[in-house]
Amino acid sequence: MVEVEKSFQDTLVGDVYEIIVQEPVVIRQGTRIKDAIEEMLRNPASHVVYVVDDDMKLIGAITTAALLELIGYKVGVKGASALSFYRFMRDTLGDEIKDVVQKMTVVRRETKITDALNLMIKNRWDALPVVDDKDRLVGELVSLELFHKGKDLFK
């Protein structure tokens, strides 16, 4: 039987989320920021480090933007402001990831990629975590996968 390619609107996250990133970058709570950066460098196609518990349930994420901002604070690129207190607290707390982890909306294999695209645009995210029915992290949908599927929309 010949498989007919789905239109962009009918494509599901499960149809495309493994094109670029085979395994998302994963760390555990308590990991230091330096180690989170090391893990991200091992998989440069990923732009997010996901923080999970021992059952692989998603706790949150650290984006490349957040890590770049922290590097900016460390080297003084980010000037003194209301965030100076945050910088002081972060330095005092030993640069643990808990200080930069943010909550992210998840998608599932059954989610339409148009819904995932809407989440990415609305939140200015470059990637979304893909979870199973028990909220365990099983993958990552990155914008490059949407580009791969959406390029044919432009003639």
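Student: Is Met 56 buried or exposed, or something in between?
Tutor: Met 56 is partly exposed, because its relative accessible area is 27%. Buried means under 20% relative accessible area, exposed over 50%, and partly exposed in between, with a 1.4 Å probe and protein chains only. This is a predicted model, where local features need pLDDT of at least 70, side-chain atom pairs count only at pLDDT 80 or more, and totals for chains, interfaces and linings use all residues. Residues are numbered from 1 along each chain as its sequence is written, and side-chain values use heavy atoms, with hydrogens and water left out.

Student: OK, and where is Met 56?
Tutor: Met 56 sits in the loop between β2 (48-52) and β3 (58-63). Strands here are DSSP runs (E, at least two residues) and helices are too (H or I, at least four residues), numbered from the N terminus.

Student: What's its phi?
Tutor: Met 56 has a positive phi of about 70°, although it is not a glycine.

Student: And the strands on either side, how do β2 and β3 run?
Tutor: β2 and β3 run antiparallel, joined by five bridges. Within that pair, Val 48 stands opposite Thr 63 in β3.

Student: What sheet do they belong to?
Tutor: An open sheet of three strands, in the order β1-β2-β3, with mixed pairing. Two strands pair if DSSP finds at least two bridges between them. The edge strands are β1 (25-28) and β3, each pairing on one side only. On average, neighbouring strands of this sheet are turned by 30° against each other, direction ignored.

Student: Which helix lies across that sheet?
Tutor: Helix α2 (residues 33-42) lies across β1, β2 and β3, and runs at about 160° to β1. Axes are lines fitted to C-alpha atoms, for helices over the stretch in contact, and angles run from 0 to 180 degrees between N-to-C directions. Contact means heavy atoms within 4.5 Å.

Student: Switching topic: what about Asp 135, where is it?
Tutor: Asp 135 is in the loop between β4 (127-131) and β5 (137-142). Those two strands form a hairpin with five residues between them, and Asp 135 in the turn has a positive phi of about 65°.

Student: Why do you call Asp 135 partly exposed, if you do?
Tutor: Asp 135 is partly exposed because its relative accessible area is 38%.

Student: How many bridges hold β4 to β5?
Tutor: Five bridges join β4 to β5, and the strands run antiparallel.

Student: How many residues of β5 are buried?
Tutor: Five of the six residues of β5 are buried, so that strand is mostly covered.

Student: Now helices: how do α5 and α6 cross?
Tutor: The axes of α5 (residues 113-123) and α6 (residues 143-150) come within 11 Å and cross at roughly 130°. The two are therefore oblique to each other: angles under 35 degrees count as roughly parallel, over 145 as roughly antiparallel, 65 to 115 as roughly perpendicular and the rest as oblique.

Student: Which residues meet there?
Tutor: Ile 113, Leu 117 and Met 120 in α5 meet Ser 143, Leu 146 and Lys 149 in α6. The contact residues divide into four nonpolar, one polar and one charged. Ala, Val, Leu, Ile, Met, Phe, Trp, Tyr, Cys and Pro count as nonpolar, Asp, Glu, Lys and Arg as charged, and the others, Gly among them, as polar.

Student: Is Ser 143 buried or exposed?
Tutor: Ser 143 counts as buried, because its relative accessibility is 12%. Leaving out residues up to four places away in sequence, Ser 143 touches Met 120 and Asp 126.
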